[in-house]
Amino acid sequence: MAKTSIAAYVYGRVQGVGFRFHTQQQAIELGLCGYAKNLDDGSVEVIACGEQQRVEQLVDWLQQGGPRYARVERVLTEPRPVADYQGFTIRY
């Protein structure tokens with residue numbers, strides 16, 4: 001299967017609500033690698049690498065609002081070169 005990689009920038013109420021943790025759990029369930037990281041502007045950066053269909057499933061999950069207490073206002077995505085991440089981590 002062809003691998004792909006994206007960067008997703010998630011805006012809204014996405015910090016302090018377990019967003020990175022739940023994103024990590026969702027990505028692991030989908031077999032993706034990459035990371036989730038809080039940014040200084042209050043958004044969350046998600047880098048996801050893996051099979052295209054599974055990456056798209058993660059993006060759909062992000063766009064649908066992520067975890068229960070989050071309030072996603074918008075998700076911007078852009079392609080990234082495929083990198084060799086070890087698992088899906090939370091970065092600080």
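Predicted model: local features only at pLDDT ≥ 70, side-chain atom pairs only at ≥ 80, totals over all residues.
Colleague: Fine. How many residues does the largest nonpolar core have?
Modeller: The largest nonpolar core has 22 residues. Those with the most contacts inside it are Val10, Phe19, Leu32, Val46, Leu58 and Leu62.

Colleague: Which helices and strands each supply at least two residues of this core?
Modeller: Each of β1 (3–13), α1 (19–30), β3 (44–51), α2 (52–63) and β4 (71–79) does.

Colleague: And which gives the most to this core?
Modeller: α2 does, with 5 residues.

Colleague: Which residues are in the other core, the one of 7 residues?
Modeller: That core lies apart from the largest one, and Ala7, Tyr11, Cys33 and Cys49 are among its residues.

Colleague: Back to phenylalanine 19. What does it touch?
Modeller: Leaving out residues up to four places away in sequence, phenylalanine 19 touches Val10, Val14, Val44, Leu62, Gly65, Gly66, Pro67, Ala70 and Val72.

Colleague: On to the helix α1. How many residues has it, and how far does it reach?
Modeller: α1 has 12 residues, and from its first C-alpha to its last it reaches 16 Å. That is close to the 16 Å expected at 1.5 Å a residue.

Colleague: Which residues of α1 are buried?
Modeller: Phe19, Arg20, Thr23, Gln24, Gln26, Ala27 and Leu30 are buried. Looking down the axis of α1, the buried residues fall within an arc of 165°, so they line one face of the helix.

Colleague: What do the buried residues of α1 pack against?
Modeller: They pack against β1, β2 (33–38), β3, α2, β4 and β5 (88–91).

Colleague: What follows α1?
Modeller: Glycine 31 does, and its phi is positive, near 75°.

Colleague: There is also glycine 18. Where is its place?
Modeller: Glycine 18 sits in the loop between β1 and α1. This residue is partly exposed, with a relative accessible area of 32%. Its C-alpha atom is separated by 9.1 Å from that of arginine 68, and the two residues are 50 residues apart along the chain.

Colleague: Changing topic to strands. How many residues of β3 are buried?
Modeller: In β3, 7 of the 8 residues are buried, so the strand is largely enclosed by the rest of the structure.

Colleague: How many bridges join β1 to β3?
Modeller: β1 and β3 are joined by 8 bridges and run antiparallel. In this pairing, lysine 3 stands opposite glutamate 51 in β3.

Colleague: And β2 to β3, parallel or antiparallel?
Modeller: Those strands run antiparallel, with 6 bridges joining them. Asparagine 38 has valine 44 in β3 as its bridge partner, and alanine 36 has valine 46.

Colleague: How many residues are between β2 and β3?
Modeller: There are 5 residues between them, and the two strands form a hairpin. Glycine 42, in the turn, has a positive phi of about 95°.

Colleague: What about β2 and β5, parallel or antiparallel?
Modeller: β2 and β5 run parallel, joined by 4 bridges. Glycine 34 stands opposite phenylalanine 88 in β5.

Colleague: Last topic, the cysteines. How many disulfides does a search of the whole structure find?
Modeller: The search finds 0 disulfides.

Colleague: Is each of them buried or exposed?
Modeller: Cysteine 33 is buried, with a relative accessible area of 16%. Cysteine 49 also counts as buried, at 2% relative accessibility.

Definitions and conventions: Residues numbered from 1 in each chain as written. Heavy atoms only, no water. Core = buried A, V, L, I, M, F, W, Y, C linked by side-chain atoms within 4.5 Å. Buried < 20%, exposed > 50% of the residue type's maximum accessible area, 1.4 Å probe, protein only. Contact = heavy atoms within 4.5 Å. Expected span 1.5 Å × (residues − 1). Arc of directions from axis to C-beta. Pairing = 2+ DSSP bridges. Disulfide = S-S within 2.5 Å.
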